[in-house]
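This note concerns helix packing and the nonpolar cores of the structure shown below.

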Amino acid sequence: MDVLRGLAILFVVLNHVHMRLLIADIPYVADSHKPLLASLVWNGQFGVQIFFAVSGFLITSTALRRWTTLSNISVRDFYLLRLARITPMLLALLAVMTALHYMHIAPFVVSENRGGLGRALLAALTLHVNVLQARHGWLPANWGVLWSLSVEEMFYLFFPLVARVFGRSKFFLAILLCFVALGPFARTLFAHGNEIWSEQSYLGGMDAIALGCLTALLVNRIRFPRTALRAFALGGAVLLLSILVGLRLAYVPPIGESGLDMTVIALGTCLVIIAAAQTQWKGPWLLAPLIRLGQRSYEVYLTHMFVIFAFFAIFVHYGNLIWSVPLLFVSTVIATAVVGDLVARYFSEPVNRTLRERWSEGPRQLGGVSDS
């Protein structure tokens, strides 16, 4: 799972470095004539979709492990777990970005035509940054990345309530399947030509989360034979590569224009998850950096734009040297990983642990930090 999360956040970081280069009109080789390279730096949206699928699986698996069945889920404890994990980093990020806004540092200022600082803070705290951007245009990059948190946490706002009521019935599965079915329509028909909403709508991301939830339920109920698990792993890898790389090599209108590309990559992710979960697959030591990146994916996601802006400013200061573009990518990825690790180790994990212990009146009732 951590390998998939590592790939997801890697795609996001590379994509945002790539976007800085495009916005600054700095030409380099990652274009339509270099599809394999473009597959590395132009798959940020797919990376988020992979993360959504993994998130749905992990949250549902953790709930099943903690409460045995979803109908037994403690709504209070579920919310406290999410608050302990998500809120400290989010509030710290908002505090830093607010300070930078008032310091008038250009990449962090929320202009009035985007709603202003107060509107952005309200959107971040009430889970509708995606709605704000769809209505008023792109927020500064550090604010804009919060759209995915809005989608994910809106899903989990209702997840324990619906699970508590319908967890024992087939209606719960039907609800999840409805989310899966509506995803492609949300990215196309329901977007009404709004490019931002087609990428960031609630239903457009919740299909992947729902697929992850369904995968967790399937893994919990059925033990697949090893031959089937091999087939799942191979099939999942093929689906992932067909979207991440294949669509760069050959444009397929029925997949891209219908919104099914996001569904396919989520499905491929879930097939790989099934194989990894039931074989207890551990990544080789060569993948240790990627695994570590995946373990710190939340912290990296919320802090990576600070690193990108800093490193890009250095890149520009020294003359936009084309030969140094690969160095820009590599150094930025390494730095974002280091920053994410430091933030997790010395801030988010200690605060997470402290909140769990305080709210549960003991260190174990709400589970360890790594459970979510």
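The numbered points take the basis of the model, then the helix pairs, then the cores.

1. The model is predicted: local features need pLDDT of at least 70 and side-chain atom pairs count only at pLDDT 80 or more, whereas totals for chains, interfaces and linings use all residues. Residues are numbered from 1 along each chain as its sequence is written, and side-chain values use heavy atoms, with hydrogens and water left out.

2. Helix α1 (residues 2-23) packs on helix α3 (residues 44-67) at about 155°, with the axes 8 Å apart. Axes are lines fitted to C-alpha atoms over the stretch in contact, and angles run from 0 to 180 degrees between N-to-C directions; helices are DSSP runs (H or I, at least four residues), numbered from the N terminus. The angle makes α1 roughly antiparallel to α3 (over 145 degrees). Residues in contact (heavy atoms within 4.5 Å) include L4, F11 and V12 of α1 and V48, F51 and L58 of α3.

3. Helix α15 (residues 288-295) meets α1 at about 80°, with axes 7 Å apart. The two are therefore roughly perpendicular (65 to 115 degrees). Among the contact residues are V3, L7 and L10 of α1 and L290, I291 and L293 of α15.

4. The largest nonpolar core has 81 residues, and L21, L146 and F159 have the most contacts inside it. Such a core is a set of buried Ala, Val, Leu, Ile, Met, Phe, Trp, Tyr and Cys residues joined through side-chain atoms within 4.5 Å; buried means under 20% relative accessible area (1.4 Å probe, protein chains only). Another core, of 20 residues, lies apart from it and includes L4, I50, F224 and A277.

Technical notes. Parallel < 35°, antiparallel > 145°, perpendicular 65-115°, else oblique. Buried < 20%, exposed > 50% of the residue type's maximum accessible area, 1.4 Å probe, protein only.
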